[in-house]
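Hi,

Here's the structure I promised to pass on. Have a look at it first, and then read my notes below.

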Amino acid sequence: MKKNNQKTAAAKEPLFRLSRRAQMVWYKAWLIRAAALLIALVLSALLIYAITKMNPFKVYGTMLKGTFGDSLFVKKAGRLSLNRTAWTTLRDVMTLLCISVGLAPAFKMRFWNCGAEGQVLVGGIATAGIMIYFGGSLPTPLLFACMAGASLLAGAVWGLIPALFKAKWNTNETLFTLMMNYIAIQLTSYFVAMWENPYGSNTVGVINRDTKIGWLPNFFSAGANNDFMWNIIIVSALTIAMFVYLKKSKQGYEIAVVGESENTAKYAGINVKKVIVRTMILSGAVCGLAGFIAVSGSSHTISTATAGGRGFTAIIVAWLSKFNTFVMAFASLLIVFLETGANEIASQYHFNTYASKMVEGIILFFIIGCEFFIQYKVHLHIKRSTKEVAD
């Protein structure tokens, strides 16, 4: 009977089982990520060759060229400067990074803020409104302060609403914040219709095109839109500040405790409802500021496409980075590189858009998927012989 039980137990044992790793050494984790990226590049190369019969390295080179230009530096007015393509890439990276930094505190608290898209839009609406109505009457420093403050306030209010409902009635924050996106889109459409220029175009057009009032200026030269250094300075300061806030402050510690267990937080005397509301105000405000950067420092207009889906892309960045804002900078660069590169190869080699997106998808799949093997260990069961079980 005992032998039969042993045989039955051996037969029922699963082929593999998972166990959570305590903590993987950092260099091993990065080796796994590097291996995943290498495998993704090899598979993407095979796909490229199967579709186009072209040298995959040439295609990857085209992706780099589309993201950073032919030559990274060009000579202007007797000095070296980044080329226009590289500046545009950095501009897009900074906007995505700003939204990702805004999501970091909410996600660390396990509050699934899927409303960054709407928070960016309302921040953009507030910025555009200040530019239109006060562009010619306020001194430039005060104008920029009002634009940034209005975008922060608008985003904070948009984050506060779902936070209050969550704290008071424990509503589902994922659905609530998603629905807030649709409200923000309709609100944007209303203001676009109200501010349309020229009349009947159903667009706001470029705000203050002639005077450039309210446009973030160049850092290295006069005018605007030649470099985007102010975007980089603002977002870099935010990235550092958020890292310190989450890692070193008492409020950051409370966010981490609430994220791990609300019951533990309550037992420790932490006011969970207060933390939820406070954190979502911060998260929404930073995402709202991304709207200011998008309108004042990039497009100089407002439309339903101002956020451009980056509120959802930032979720990938936040998860990839484990809510570490410094790592988010590299993840944002990777995402922008993949998106820009995919568009470039679609244009240069007349790829079907979906085919170029497949390359992007394969790379992202492996990069995100490798995190599973960093978090969990797979134990394979090798079936033993009947004689070995009997013994």
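Predicted model: local features only at pLDDT ≥ 70, side-chain atom pairs only at ≥ 80, totals over all residues.

**What I found**

**The whole chain**

The protein chain has 391 residues, and 45% of them are buried. You'll find 15 helices and four strands in the chain. Along the principal axes, the C-alpha trace spans about 95 × 60 × 40 Å.

If you count contacts with a separation of 6 or more, 73% of them join residues 24 or more positions apart. The accessible surface comes to about 20,700 Å², and carbon and sulfur atoms hold 65% of that. As for charges, there are 37 positive and 17 negative ones, and their mean positions lie 8 Å apart.

**H12 and what comes after**

Which residues of H12 are buried? They are Gly311, Thr313, Ala314, Ile315, Val317, Ala318 and Leu320. As for partners, the buried residues of H12 pack against helix H4 (84–108), helix H5 (116–134), H13 and H14.

After H12 comes Lys322, with a positive phi near 55°. Lys322 is in the loop between helix H12 (310–320) and helix H13 (325–348). Most residues other than glycine have a negative phi, and Lys322 is not a glycine. Lys322 counts as partly exposed, because its relative accessible area is 37%.

Now on to helix H13, where you'll find Phe326. Is Phe326 buried or partly exposed? Phe326 has 38% relative accessibility, so it counts as partly exposed. Leaving out residues up to four places away in sequence, Phe326 touches Thr239, Ile240 and Phe243. Glu254 is another matter: Phe326 and Glu254 are 72 residues apart in sequence, and their C-alpha atoms are 21 Å apart in space.

- Pro198 is in the loop between helix H7 (173–195) and helix H8 (229–248). The peptide bond from Asn197 to Pro198 is cis, with omega near 0°. For context, most peptide bonds are trans.
- Asn208 is in the loop between H7 and H8 as well. Asn208 is not a glycine, although its phi is positive at about 55°. With a relative accessible area of 23%, Asn208 is partly exposed.
- Gly223 is another residue of the loop between H7 and H8. Gly223 counts as partly exposed because its relative accessibility is 44%. Not counting residues up to four places away in sequence, Gly223 touches Pro217 and Asn218. The C-alpha atoms of Gly223 and Lys212 are separated by 8.3 Å, with the two residues eleven apart along the chain.

**A buried arginine**

Helix H4 holds Arg91. Why does Arg91 count as buried? Its relative accessibility is 17%, and buried means under 20%.

What does Arg91 contact, leaving aside its neighbours within four places in sequence? Its partners are Phe228, Asn231, Gly297 and Ser298. With Gly297, the C-alpha to C-alpha separation is 8.4 Å, although Arg91 and Gly297 are 206 residues apart in sequence.

**Where to look**

If you want to open the model at a few spots, here is a list:

- the cis bond from Asn197 to Pro198
- Asn208, with its positive phi of about 55°
- Lys322, with its positive phi of about 55°
- Arg91 and its contacts, including Phe228 and Asn231

Cheers

Conventions: Residues numbered from 1 in each chain as written. Heavy atoms only, no water. Helix = DSSP H or I, 4+ residues; strand = E, 2+ residues; numbered from the N terminus. Buried < 20%, exposed > 50% of the residue type's maximum accessible area, 1.4 Å probe, protein only. Contact = heavy atoms within 4.5 Å. Areas by Shrake-Rupley, 256 points an atom, 1.4 Å probe, with all protein chains shown as cover. Lys, Arg positive; Asp, Glu negative; His and termini not counted. Charge placed at Lys NZ, Arg CZ, Asp CG, Glu CD.
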